[in-house]
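Subject: Structure for your files

Hello,

Here is the structure I said I would pass on. My notes follow below it.

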There are 4 protein chains.
Amino acid sequence: MTIKVGVVGGTGYTGVELLRLLAIHDEVEVVAVTSRGESGNPVSSLFPSLRGFLDIDFCDPESTDLSVCDVVFYATPNGIAMQQVPELIAKGVRVIDLAADFRIKDIPTWEKWYGMEHACPELVEKAVYGLCEINREQIKDAKLIANPGCYPTSVQLPLIPLLKKGYISSENIIADCKSGVSGAGRGAVVSSLMSEVNESFKAYGVSGHRHLPEIEQGLSEAANAEVQMVFTPHLVPMNRGILSTIYVDLKDTDAQTIQTYLEDFYKDEEFVDILPFGSLPETRSVKGANMCRIALHQPQGRNKLVIVSVIDNLVKGAAGQAIQNMNIMFGLKDDAGLQMPPLLP
Amino acid sequence: MTIKVGVVGGTGYTGVELLRLLAIHDEVEVVAVTSRGESGNPVSSLFPSLRGFLDIDFCDPESTDLSVCDVVFYATPNGIAMQQVPELIAKGVRVIDLAADFRIKDIPTWEKWYGMEHACPELVEKAVYGLCEINREQIKDAKLIANPGCYPTSVQLPLIPLLKKGYISSENIIADCKSGVSGAGRGAVVSSLMSEVNESFKAYGVSGHRHLPEIEQGLSEAANAEVQMVFTPHLVPMNRGILSTIYVDLKDTDAQTIQTYLEDFYKDEEFVDILPFGSLPETRSVKGANMCRIALHQPQGRNKLVIVSVIDNLVKGAAGQAIQNMNIMFGLKDDAGLQMPPLLP
Amino acid sequence: MTIKVGVVGGTGYTGVELLRLLAIHDEVEVVAVTSRGESGNPVSSLFPSLRGFLDIDFCDPESTDLSVCDVVFYATPNGIAMQQVPELIAKGVRVIDLAADFRIKDIPTWEKWYGMEHACPELVEKAVYGLCEINREQIKDAKLIANPGCYPTSVQLPLIPLLKKGYISSENIIADCKSGVSGAGRGAVVSSLMSEVNESFKAYGVSGHRHLPEIEQGLSEAANAEVQMVFTPHLVPMNRGILSTIYVDLKDTDAQTIQTYLEDFYKDEEFVDILPFGSLPETRSVKGANMCRIALHQPQGRNKLVIVSVIDNLVKGAAGQAIQNMNIMFGLKDDAGLQMPPLLP
Amino acid sequence: MTIKVGVVGGTGYTGVELLRLLAIHDEVEVVAVTSRGESGNPVSSLFPSLRGFLDIDFCDPESTDLSVCDVVFYATPNGIAMQQVPELIAKGVRVIDLAADFRIKDIPTWEKWYGMEHACPELVEKAVYGLCEINREQIKDAKLIANPGCYPTSVQLPLIPLLKKGYISSENIIADCKSGVSGAGRGAVVSSLMSEVNESFKAYGVSGHRHLPEIEQGLSEAANAEVQMVFTPHLVPMNRGILSTIYVDLKDTDAQTIQTYLEDFYKDEEFVDILPFGSLPETRSVKGANMCRIALHQPQGRNKLVIVSVIDNLVKGAAGQAIQNMNIMFGLKDDAGLQMPPLLP
């Protein structure tokens, strides 16, 4: 099989990561990579890392007919995909949006957090939230995938099974999350400069971050009750990687039972790795790879469960999960094109 | 006034930071810096950064008479100071221990966490815990200072006033702390190698870290009740800096009242800076400086107060606070020799 | 004495470094820091590192009368100072330009490399090139200082004495220079983003960089002959520091004689440190300090002398040297306000 | 075909990189990974990045029969392979040594630079220097490969063709090389600590580095005359990557002719990429990939050619080239198992 793939917005970090992974996917042919600013230039002139691996020019979004594609990935800023996707869907093209346009089911909530009016609320309803291991069945038949946010992926993968099962309290949940700077994108802003980020550490969005409603939506559905949690993102002076330290209150279930349950829940999943109890995952153990590694701790035997979860924000947190979604949609094995081990050191 | 200062263990990061600060302290003469391994070598041959600033050789600990000093700093591994301090104290020399030998009042607790028998429990009782802004009065007359740990400094400075006042709950306290790698010391271990630490992020000591009992001791005293909390240290790929994100349950007091109270509590303190409500302090805002900056948040107006606190682990978290303690002990202004602004970027 | 100081362009890295150093200079009062964009805001709101150290607001350049200053520092982009300086000079204010407007004596050369017409060629002639240790006498009486570039400082300090003395060939000189990213400034450009710079290394400006004519001007004057050299700048994934590796052909003089000569040449200079022959200076040995450390090597006893020179690009390569120039101009000791040891680690 | 592979010394960075690449090589089965210290432990317990990708335990070197392997890689410190290789070769096992034991043909030179007596000089003669693109024909039939050093790979790939052709002078060659810290290995030494390396830059081995005789050997053979050059290694605060800036004197040939010649010389080579004249390669453009990218410059049109060459020191500079050698030895395509694009950012 050869899947004809289009990429809209191939000049950011999510875009180049998609291209890196698509370039070596045996069942994929990249037929179009659009960019207004780079139109006509070889992709490898902007990203010399791809020289010899992907031989295609950026094309103009206006004059490119994406309806020849089997699937189109949107690696654009929020608010772009929703303008264009209805037409593509109508033409039978499948779409995977790596931005946030279709992640939040409640339109007023989305509009409040993203500060704009939604262009196609009717499609939000039909979109499938592409958290692969949780929603695999719906993904298979989906026309439109809302690829999950990076932080939400790292937080929901461990919590959803436990909330569904009722093993942990739905109150008092705290997710203290830390991300490398590529999550802030390739935009030219002072706050992302090397001299601003390097050799420093900070929290940001403490009072409110767009991934909060996305996580709360997923957790609430799992808990079958409204979940309100605290989510604090931090910026780590490194390029890639997210580590989430999650604090939850144990209910009646002991930590070992939870460990066993989680191992069992994910035992057939290649891209979720439940580490032995008490392990200390590092973000580098997933660098460049489509993988979420999770470890549980019960400090001092007290009543708090501490969950540590790591992903590469650009892979399992973005481009890798997007390709995993594509694989599921097209009946391929999850790991097609995604078998590379992490890069260490 | 000239204070004659001795430094035991001047070859680690805490040691060299002490020497950097002492070198420009107008009222200090460094008369001895001991090191078994480097004895006879100029300090500046090991630390060329000090060439032209500190012209002294390392001396042998065996043959050096530290009783000529007015004060001796121990920048040694845990367990060294307690062997030597009783003799110095007996001779009238004041001692500031930057290690942990005298921090924990309960001897069995100390022995359990530090894995050795304490050599002079009788001195532990007399030692003053040198958290300057909290214990200034006792420090003035102290013969022996237990200089606080880096994490404990960053966590206790914001929490102690609030627990004393009863503004926050003493239950459910979580301190999610992140430190640069200099906190791990200058020992040659694989886990501190550049290739191991750089471009990665991890939690460590999740199940139990030695700073837990130290923090709990301080918080329990402030709350006048036993405080059990969760403390999770993390390693940030940078040299210096600690940021602690602290989650506490609000009681009846609103966040603005707490903000005002904290500003007032520290209004005369040069080295504790309460930022405007909702600020986002970065570790680089204190790099190289003896300063703790603290900000409060109340995410989404819910019942959790989030406190962000930053220090330089080597300065306010170690050598700077040690010198601040010395200043207080010798009747100098707190900021003698400590007036340098942080280095940015 | 209190020198009234104005700073034009205080929002970049050179600007904030100037402010850090001026804040603790006993003989300085900062009376104005201009910024069009930040006018009215406290300096410490842009740079929280200065909270508690510098209590002044940015002021509007249009409405600020800088003629009340004794000296004005320009920490602006190239091309700004030359528009404003003539008026200030006419009013008797001394000026230190940290940009390049007055560094190149040959106007057509300047105009070619900087791509604009010079606004006041007549002042270029009168400006003194502020390489302190070389031009101290002229600096004392200067009204206008052209503060040297960062790379040129690191290259000229070791080479000028040797070329003057005729100890090395004026042909075949190669300066392979490496700089931290703060040298690229605080402008919001993609090429300075953390994700672009971090974990990578590159050469830039290989075919031609503006510091080439500046260095060649200085070396030619020293050699009393036209010097053509190769200068290759590189970008190091770190914030601060320049290391220049300089390759020169030995003439009849042996390396040890050169070592002795250089030690003697700089023996009274506090801020140029000739290390023992064969030393390996690191940029961190000068981090945050006004210092140039230099070491000589003669690999395999062959005919090439290899000179390694390190500075902090923001201090001896910019703000520190600027203040050293001010000190000399106002009859202070060179090291007034500049006595801080480097920050390590 | 399935090649049975043994790895001796799998606990260093070269070792884990070999394992990462071998794990996804379709024609390879890893049958043994020896380590004295880790014997009996899963490889993935030391390197969690390999969990799910390589399911094998470290085995004891004493009790492991490597003669069942088709090829054995030595990723050991210098001086180990030469003790063991004769026996393996005698048994018909092919060997690829990633250390330096067989790189230098002149035994006294080797013994001088490596400070030990060579254990099997007779094998040195038979060993093939595995610079794949230069020595492909000899590699095909080799029993023993001396895998080139990292710096030598980056310097020789551009220079050997030019010296052979006589386009550049064999005198006055300078290689100013910069490497990430993984090149220093995974040994626990202070000089490789994060706090020592990070945020600093230094030269090392200026007076003499072991890769000097290796490079000179290769260049001398190419020039058919003794080449003496200057080689200066530097340490970059990053994990991976080498950039070599090479200065050579042009002879009668103009730079464009050299550009065309080099493009032609390597036109069929997948892993040597001659960039357009005047390009500025970054080390990240080869991160994690078996690739050398090379660019030529002629600054100011003068008589020096400046060559910039980048590789990943662990891949084309070590493990990747080793596998490329294996592929050639076993009649596979060069790129078997080596097709991954570089990781950016």
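**Salt bridges and symmetry**

D:Lys140 is partly exposed, its relative accessible area being 36%. The side chain of D:Lys140 meets that of D:Glu137 in a salt bridge, 3.2 Å from N to O. Both residues sit in helix α6 of chain D, three residues apart, or about one turn of the helix. D:Glu137 counts as exposed, at 52% relative accessibility. Please keep in mind that this is a predicted model.

Helix α6 (residues 132–140) of chain D also holds D:Arg136. D:Arg136 forms a salt bridge with D:Glu269, with the closest N and O atoms 2.6 Å apart. This pair links distant parts of the chain, 133 residues apart, and D:Glu269 lies in the loop between α10 (255–265) and β12. D:Glu269 counts as buried, because its relative accessibility is 15% and the cut-off for buried is under 20%.

Another bridge joins A:Arg51 and D:Asp273, the closest N and O atoms being 2.6 Å apart. This one crosses between chains, from the loop between α2 (43–46) and β3 (58–59) of chain A to strand β12 (residues 272–274) of chain D. A:Arg51 is partly exposed at 23%, whereas D:Asp273 is buried at 11%.

In chain A, a network of salt bridges links A:Glu17, A:Arg20, A:Arg240 and A:Asp312. Over all chains the count comes to 80 salt bridges.

On symmetry, chain B superposes on chain C by a rotation of 180° with 0.0 Å of shift along the axis, at an RMSD of 0.0 Å. The two copies are therefore related as by a two-fold rotation axis. The same surface serves both, as 100% of the contact residues of chain B recur in chain C.

Regards

Key. Residues numbered from 1 in each chain as written. Chains lettered and ligands numbered in written order. Predicted model: local features only at pLDDT ≥ 70, side-chain atom pairs only at ≥ 80, totals over all residues. Heavy atoms only, no water. Least-squares fit on C-alpha atoms with pLDDT ≥ 70 in both. Contact = heavy atoms within 4.5 Å. Salt bridge = Lys/Arg side-chain N within 4 Å of Asp/Glu carboxyl O. Helix = DSSP H or I, 4+ residues; strand = E, 2+ residues; numbered from the N terminus. Buried < 20%, exposed > 50% of the residue type's maximum accessible area, 1.4 Å probe, protein only.
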